Amino acid sequence: MNKALHRYLPILALLALIPLWELICYLANVPNYILPRPSVIYDAFINVDKMRWLEHLWATVRVAVLGFLLSIFISLPLAVLMVQSSFLNRTLFPLLVIIQSTPVVAIAPLLIVILGAGEAPRLAITCLITFFPIVVSTTTGMLSTPSELIDLSRSLKGSVFRQIWQIRFPFAIPHIFSGLKVGITLAIIGAVISEFVAAEKGLGYFVQFSTSYFKIPQAFAALLFLSIISLLLFQTIRWIQAIFFAWSLPAEEQK
Amino acid sequence: MKPFVCFNKVSHQYQSNTTHKVQALTDINFHINKHEFVAVVGPSGCGKSTLLKLITGLMSPSEGSVEIFGKTMHEPRNEVGIVFQKPTLLPWLSVLDNVTFPLKHQHGKVASEAKQYAMTLLKLVGLEQFAHQRPAQLSGGMQQRVGIARALILKPEILIMDEPFSALDALSREIMGFELLRIWEEEPKTVLFITHSINEAVLLADKVLVMSPRPGTVVEELPIDLPRPRNNTTLKHEKFAYYADILRDHIFQKHAALNE
């Protein structure tokens, strides 16, 4: 197969879906409130002011990215502590599992009460939903360091700090990126949930607002934006890995 | 002359659980002289890895003492370099940076003279043109050469090699054996070489220690009186098969005795 065609195949497949969707909805006469046609969604998108779109878009991206960064900031040191101390591992891990298995949607209203109506609860919700995969993948990665290298470090009498920074942490990079890829998609979900609960802007808020006024095509337009953001953020993580940590990719992906 | 390495009545037990103790090594006595090449052979589970941890100072024996240059080992020392079973290089560093890694790990930085010395070592192991490549681009044998260069960077007097060629295919393994002899002749060191291969032990060593299965102890100390430098013709030497047979007998007799 042609190389360029092979490369753009996923995007072409997605684009091909649009006329198909249009056609089926048109032929089956599906009402707009069930599944609007792409052309109707496009009209709805045009009808909303560009600045308004940008405002909502920015609010969601901002919460998702900041919450995600915050969760990295918390997860990585936490993982290091849990690897270094079996006491912390034994005590913290069950707690993390409990936090993770409690539905964030259920905690969200409580967090609004506790943290107020500003940006703080939204960041907290995003952070809560994203940090677990990052902690788990980082811990697993650091523990998968070959024992010979730990012996080497001990035989050199390297400090604990250098053992972590020069050996364990870099060894965890492939695992960390797996965690980050899962985390970034969850970050969007976290941001949307937080906007459902308490917000006056953001795409999640806009979806809720549109549906409550029965503007289904407009909600679909917002939904598409969310998917696109999700994809772009996910790609960004992949690019960061490919540019700065190319060695951590499987051999066939390094080219 | 005082021996470089000396094991005095060394025994070691592991606490496997609160009531049970596992005797890994009992009453080990041997010494290694300066620039002597000593091989250790024995079946699996004879406590070779415990021996390795004791001689590198990563563990202290339950009884007896391990002395290096007449001083008891209490902690790891730079005079002892280790080559591991697997190369275990750091995939994110270049070959050169892998060789200088022990310095970086110990001091936090690498002086430019050290980098030059690392290049000399890479030349010694025949990899100077690969200095700036990543380990993943190297074959298993080449990676293990980098492992040897890394073990030499701190200029150790004693080199401990833990089955270093066991992960290689048979051909590379033979080539690496001769390579090691060449390196050892150019850069004489006191070597303790742990292996499962009787032929490898006879080919390389001045003296072979045979260990028995758990609890591990040295059942035979066999000096190998074959001319040096050793090469392909050594394998055909009339006494080569003779030494190999003695070792084989010692290893399998012990096995037979256990099975009765």
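Predicted model: local features only at pLDDT ≥ 70, side-chain atom pairs only at ≥ 80, totals over all residues.
Residues are numbered from 1 along each chain as its sequence is written, chains are lettered from A and ligands numbered from 1 in the order in which they are written, and side-chain values use heavy atoms, with hydrogens and water left out.

Confidence is expressed as pLDDT, the predictor's score for each residue from 0 to 100. Chain B averages a pLDDT of 88, and 97% of its residues score at least 70. Within chain B, the lowest confidence falls in helix H9 (residues 238–259), with a mean of 78, and the highest in helix H2 (residues 95–99), at 96.

Helices (H or I, at least four residues) and strands (E, at least two) are DSSP runs numbered from the N terminus. Chain A contains ten helices and zero strands. The C-alpha atoms of chain A fill a box of roughly 75 × 55 × 30 Å along the principal axes.

Chain B holds an open sheet of six strands in the order E6-E7-E8-E3-E9-E10, with mixed pairing; two strands are taken to pair if DSSP finds at least two bridges between them. Strands of a sheet pair through backbone hydrogen bonds, either parallel or antiparallel. The edge strands of the chain B sheet, E6 (80–83) and E10 (218–223), each pair on one side only. On average, neighbouring strands of this sheet are turned by 15° against each other, direction ignored. Axes are lines fitted to C-alpha atoms, for helices over the stretch in contact, and angles run from 0 to 180 degrees between N-to-C directions.

Strand E9 (residues 207–211) of chain B runs antiparallel to E10(B), and five bridges join the two. A hairpin of six residues connects E9(B) to E10(B). Across this pair, Lys207(B) stands opposite Pro223(B), and Val210(B) stands opposite Glu220(B). Elsewhere on the sheet, helix H5 (residues 140–152) of chain B lies across E6 and strand E7 (158–162), running at about 170° to E6(B).

The contact between the chains (heavy atoms within 4.5 Å) takes 18 residues from chain A and 21 residues from chain B. Together, chain A and chain B bury about 2,000 Å², of which 66% lies on carbon and sulfur atoms; buried area is the accessible area (1.4 Å probe) that two parts lose on being put together, summed over both.

Three salt bridges are counted between chain A and chain B, each defined as a side-chain nitrogen of Lys or Arg within 4 Å of a carboxyl oxygen of Asp or Glu. One of them links Asp151(A) with Lys53(B), the closest N and O atoms being 3.8 Å apart. Helices H7 (147–155) and H8 (160–197) of chain A each supply at least two residues of the side that touches chain B. The largest share of that side, seven residues, comes from H7(A).

Over all chains, the whole structure contains 15 salt bridges. Among them, Arg173(B) pairs with Glu200(B), with the closest N and O atoms 3.0 Å apart. This pair links distant parts of the chain, helix H6 (residues 170–186) and helix H7 (residues 198–204) of chain B, the two residues being 27 residues apart.
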